[in-house]
Every structure is written in C-alpha cells, then in structure tokens.
Amino acid sequence: MDNIIIDFPTQKDAKDFQLFFITQVNEKEIPDFDICCAGFPCQSFSGGGKRLGFTETRGTLFFDVERILKKKEPAGFILENVEGLVSFILTNLATKDENH
C-alpha cells in the first residue's frame, strides 16, 4: 500500500475512504489543499535498500508527489525524511555534471 492516496471525505465513516494509485491520479481532480503530508518508500535511497534510486519504481514515486505539489501549489508541505535521499541526489547530480 505504498502507492496510494487516501481521500478523507467529510463523513467520518471509514467505509467512505477511497484509495487511488498515486501514479494514476489526475492532479487536476484533487481538491485544493493547504498542506500536503506525503511519504514514499525509502529503500530506493537508504542503506537499508539497494540504493537504486530513481531507476526503480519505488524511487520514482517521489516525482508523483512533486507533480501534485507543482499543480496544487499548497501553502506548505511535509515530506518524510528519507535517509540517503539528499546525498543520493547530490551524488548523482555531481556525477551527471562530470559526464557532460
């Protein structure tokens, strides 16, 4: 269930919750919101995983969160602190710059 958005309706009954695959949701259909709290699997970036980064599906979920944030432009957002994400990005950007 790593790849879902949970839509919390105004009703407080759990049977009314809806699940969507984040990779398939159209960001234009998401109601506007003020704050986004999101997370994505850490195994793609952390030492606890294979550190395959954006080359595996779990790592690309970061871009779905980014896509939604860009379209909705909330006042703020909180992303899960994924150990190794920043160092992975910086290392790969440095390597990419050296090769071009």
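Me: Which residues have the most contacts inside the largest nonpolar core?
Reply: Happy to start there, with the note that this is a predicted model. The largest nonpolar core has 15 residues. Those with the most contacts inside it are Ile22, Phe40, Phe45, Val65, Ile68, Val82 and Leu85.

Me: Which element gives the most to this core?
Reply: The elements that give two or more residues to the core are β3, α1 and α2. Nonpolar side chains in soluble globular proteins tend to be buried together. The element that gives the most, with 5 residues, is α1.

Me: Which residues of α1 are buried?
Reply: Here a residue is called buried when its relative accessible area is under 20%. Residues three or four places apart in an α-helix point the same way, because there are 3.6 residues a turn. In α1, the buried ones are Gly59, Leu61, Phe62, Asp64, Val65, Ile68, Leu69 and Lys72.

Me: What distance does α1 reach from its first C-alpha to its last?
Reply: The helix has 16 residues. At 1.5 Å a residue, the expected span is 22 Å. The model comes close to that, and α1 reaches 23 Å.

Me: Is Arg51, another residue with a positive phi, buried or partly exposed?
Reply: Although Arg51 is not a glycine, it has a positive phi of about 55 degrees. Its relative accessibility is 37%, so Arg51 counts as partly exposed.

Me: Which residue does the side chain of Glu27 make a polar contact with?
Reply: Glu27 is found in the loop between β2, residues 18-21, and β3. At 17% relative accessibility, Glu27 falls under the 20% cut-off and therefore counts as buried. Leaving aside neighbours within four places in sequence, Glu27 is in contact with Arg67, Ile68, Lys71 and Lys72. The polar contact, at 2.3 Å, joins its side chain to the side chain of Arg67.

Me: How is the aromatic pair of Phe54 and Phe62 arranged?
Reply: The structure holds 4 aromatic pairs. In the pair of Phe54 and Phe62, the rings are 6.0 Å apart centre to centre, with 35 degrees between the planes.

Me: Which residues do ring pairs link into a cluster?
Reply: The cluster linked by ring pairs is made of Phe45, Phe54, Phe62 and Phe63.

Me: What distance separates the C-alpha atoms of Asn92 and Gly53?
Reply: Asn92 lies in helix α2, residues 85-99, and is partly exposed, with a relative accessible area of 36%. Along the chain, Asn92 and Gly53 are 39 residues apart. Their C-alpha atoms are separated by 9.5 Å.

Me: Across the chain, what share of the contacts with a separation of 6 or more comes from residues 24 or more positions apart?
Reply: Contact here means heavy atoms within 4.5 Å. Among contacts with a separation of 6 or more, residues 24 or more positions apart account for 56%.

Me: What share of the 100 residues is buried?
Reply: The chain exposes about 7,400 Å², and carbon and sulfur atoms supply 55% of that area. As for the residues themselves, the buried share of the 100 is 28%.

Conventions:
Residues are numbered from 1 along each chain as its sequence is written. This is a predicted model: local features need pLDDT of at least 70, side-chain atom pairs count only at pLDDT 80 or more; totals for chains, interfaces and linings use all residues. Side-chain values use heavy atoms; hydrogens and water are left out. Buried means under 20% relative accessible area, exposed over 50%, partly exposed in between (1.4 Å probe, protein chains only). Accessible areas come from the Shrake-Rupley method with a 1.4 Å probe; for residues, only the protein chains shown count as cover. Helices (H or I, at least four residues) and strands (E, at least two) are DSSP runs, numbered from the N terminus. Rings of Phe, Tyr and Trp (its six-membered ring) pair if their centres lie within 6.5 Å; planes under 30 degrees apart count as stacked, over 60 as edge-to-face and the rest as tilted. A nonpolar core is a set of buried Ala, Val, Leu, Ile, Met, Phe, Trp, Tyr and Cys residues joined through side-chain atoms within 4.5 Å. The expected span of a helix is 1.5 Å times one less than its number of residues. A polar contact is a pair of N or O atoms within 3.5 Å; within protein, one must be able to donate a hydrogen and the other to accept it, and residues adjacent in sequence count only if both atoms are side-chain atoms.
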